[in-house]
Amino acid sequence: MANFFNDHPELEFHLHHPLMKRIVELKERDFADKDKFEDAPVDFDDAIENYKKVLEITGDIAANIIEPNSESVDLEGPHLENNRMVYASKTFENIEATRQAGLWGISMPRRYGGLNLPITPYSMASEIISTADAGFQNIWSLQDCIETLYEFGDEEQRQKYIPRVCAGETMSMDLTEPDAGSDLQRVMLKASFDEENNCWRLNGVKRFITNGDSDIHLVLARSEEGTRDGRGLSMFIYDKRDGGVDVRHIEHKLGIHGSPTCELVYKNAKAELCGSTRLGLIKYVMALMNGARLGIAAQSTGLSQAAYDEALAYAKERKQFDTTIVDFPAVYDMIARIKAKLDAGRSILYQTARYVDIYKTLDDISRERKLTPEERQEQKKYSRLADAFTPIAKGMNSEYANQNAYDCIQVHGGSGFIMEYKCQRLYRDARIFSIYEGTTQLQVVAAIRYITNGTYLQVMKEMLENEVSEEMKPLKMRVEGLVKIYEEAINSVKEKNSQELQDMLARRLYDMTGDILMSLLIIDDASRAPELFAKSANVYVRMAEEEVVAKNVYIHHFNAEDLKNFRACECKCEE
């Protein structure tokens, strides 16, 4: 039987990264749970074996239930009945299978019914489910919203809601509105305190809400009357059991059909404040969004895996001119590029997840006891790295998923344009990845300060000091050259001393950053496991050279006059 974990040994490789030792040590609090919970690990090796068992179960369900159901779910989709969202028939099967397997709330502490998994193996489970069906991954991975409630809610709220999610109840984050998309400061859904019933009441409309008729919602709403910016927004918990919210519309989308995108009408809905007032956008949404962006990176990587599997399988079977097309350079070039982007994208995904694991777990420990000075420094270091790497992981992987799905269709030729082939669904599903939870353009905005202040450059130089295998040394030398070009490009942009020029060139700098970081990561992977990654390292570094050199030329020759030309073109179009 197929298993989407065991069939892809690259995943297990990332479970054995050197940083996992520290992650497990922190997450398990030196294995303090071993005397309280039967399933708690007793040492590091036991913990890794536990993670592998969870991932094997996930891989089995993904390959043998979720993936076979994906076509039916895509065709049926969710529908509206009496102001309620009803999932596609097979989605209910997927939910029930994952519930029975205990795959809900899996990152939560055992005292609430969770499995206490770190973010890294949780992200692997998310990737595996996306390989089977990216639409269902949306529903399943929104359980990650419980992290925000765990982090900022009070103990009574944790006791009330976390066990429900661990038992399989669904979640959503209700942020956007008709007039508030990327600019969440414009959120106007009203929250008012009901003195008589000692609760908050929510009134207004939310739009584009993924899994919008879920059991438990985290809702961004305006609690401070008379305000119009982010300082007047707070986070609330809405329980579907209390009623007061109707689904007015389910969007008819290009892809991810199994994932319902709803317009919700709040009518005096009862809610609880999560955390403190006024921090909804400033603090809590930022935590939510960073988790969601890592989730989209995992979703993108999972779909890239599916695109690679489909392209390779078809190319091995399809013959033209008495030759299987996988033997044609034009075809194996595409397939090799898909695999290289997949492996490099997966590497930055799990590097980011490891950074998140360390700083988030130290955050959690700091609520239990005072951190040592060394732990505070560690927390600060990995928080900064996680903040810097998250927009690269989300943006690059979501763009790669689109490119890989495109190339998967191209490998299929005319057949790829036929609806009976899976690759067309992958292509439709992938298109949203670079849009939701922050467009690629917003990931560039998030990353640019780390480009201009030298954070990424410093990381690159530190990575260049790492030892690599003899086979990888020539590639490493080539990347050293790319780092020099990158530094020159950054300085060139700074010397232009124009914010508008910097904004115009930011995407090129961002792409160069991703190309180089992932080159260094895949070289490191190939040094430790050449049988898995050496080919991809060779392909990816050549792709990175192609991109970095071209973008450097563009940056060096771009000036204020070029900006005028772009504006002139825009004005002419508008006329």
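Buried means under 20% relative accessible area, exposed over 50%, and partly exposed in between (1.4 Å probe, protein chains only). The structure is a predicted model in which local features need pLDDT of at least 70 and side-chain atom pairs count only at pLDDT 80 or more, while totals for chains, interfaces and linings use all residues. Residues are numbered from 1 along each chain as its sequence is written, and side-chain values use heavy atoms, with hydrogens and water left out.

**Exercise 1. Classify the two rings of the pair phenylalanine 558 and phenylalanine 566 by accessibility, then name the geometry of the pair.**

Step 1. Phenylalanine 566 has a relative accessible area of 41% and is therefore partly exposed.

Step 2. Phenylalanine 558, at 4% relative accessibility, is buried.

Step 3. Rings of Phe, Tyr and Trp (its six-membered ring) pair if their centres lie within 6.5 Å; planes under 30 degrees apart are stacked, over 60 edge-to-face, and the rest tilted.

Step 4. The centres of phenylalanine 558 and phenylalanine 566 are 5.8 Å apart and the planes stand at 50°, so the pair is tilted.

**Exercise 2. Find how many aromatic pairs the structure holds, and describe the one between tyrosine 112 and tyrosine 150.**

Step 1. There are 17 aromatic pairs in the structure.

Step 2. Tyrosine 112 and tyrosine 150 are edge-to-face, with 6.2 Å from centre to centre and 75° between the planes.

Step 3. Tyrosine 112 lies in the loop between α4 (89-100) and α5 (119-132), and tyrosine 150 in helix α7 (residues 145-152), so the pair ties together parts 38 residues apart in sequence. Helices (H or I, at least four residues) and strands (E, at least two) are DSSP runs, numbered from the N terminus.

Step 4. Both tyrosine 112 and tyrosine 150 are buried.

Step 5. Elsewhere, ring pairs link Phe193, Trp200 and Phe236 into a cluster.

**Exercise 3. Compare three salt bridges by the placement of their partners: glutamate 12 with lysine 52, glutamate 263 with arginine 207, and arginine 528 with aspartate 525.**

Step 1. A salt bridge is a side-chain nitrogen of Lys or Arg within 4 Å of a carboxyl oxygen of Asp or Glu. A search of the whole structure finds 49 of them.

Step 2. Glutamate 12 and lysine 52 meet at 3.0 Å, N to O. Glutamate 12 is in helix α1 (residues 9-15) and lysine 52 in helix α3 (residues 44-76), 40 residues apart, so the bridge links distant parts of the chain. Glutamate 12 is partly exposed at 27%, while lysine 52 is buried at 13%.

Step 3. Glutamate 263 and arginine 207 meet at 3.9 Å, N to O. Glutamate 263 belongs to strand β9 (residues 261-274) and arginine 207 to strand β5 (residues 199-210), so the pair joins parts that are 56 residues apart in sequence. Glutamate 263 is buried at 12%; arginine 207 is partly exposed at 29%.

Step 4. Arginine 528 and aspartate 525 meet at 3.8 Å, N to O. Both lie in helix α16 (residues 499-528), three residues apart, about one turn of the helix. Arginine 528 is partly exposed at 35%, and aspartate 525 is buried at 3%.

Step 5. Salt bridges with shared partners join Glu10, Glu127, Lys339, Asp343 and Arg346 into one network.

**Exercise 4. Identify the ring under the charged end of lysine 339 and the ring under that of arginine 508.**

Step 1. A charge sits over a ring if NZ of Lys or CZ of Arg is within 6 Å of the ring centre and within 35 degrees of the ring normal.

Step 2. For lysine 339 the ring is that of tyrosine 308, with its centre 5.8 Å away.

Step 3. For arginine 508 the ring is that of tyrosine 554, with its centre 4.1 Å away.

**Exercise 5. Work out how helix α13 (residues 440-452) is oriented against α16.**

Step 1. Axes are lines fitted to C-alpha atoms, for helices over the stretch in contact, and angles run from 0 to 180 degrees between N-to-C directions.

Step 2. The two axes come within 9 Å and cross at roughly 85°.

Step 3. Angles under 35 degrees count as roughly parallel, over 145 as roughly antiparallel, 65 to 115 as roughly perpendicular, and the rest as oblique. Helix α13 is therefore roughly perpendicular to α16.

Step 4. Contact means heavy atoms within 4.5 Å. Residues making it include Val444, Ala447 and Ile448 of α13 and Ala506, Leu509 and Tyr510 of α16.
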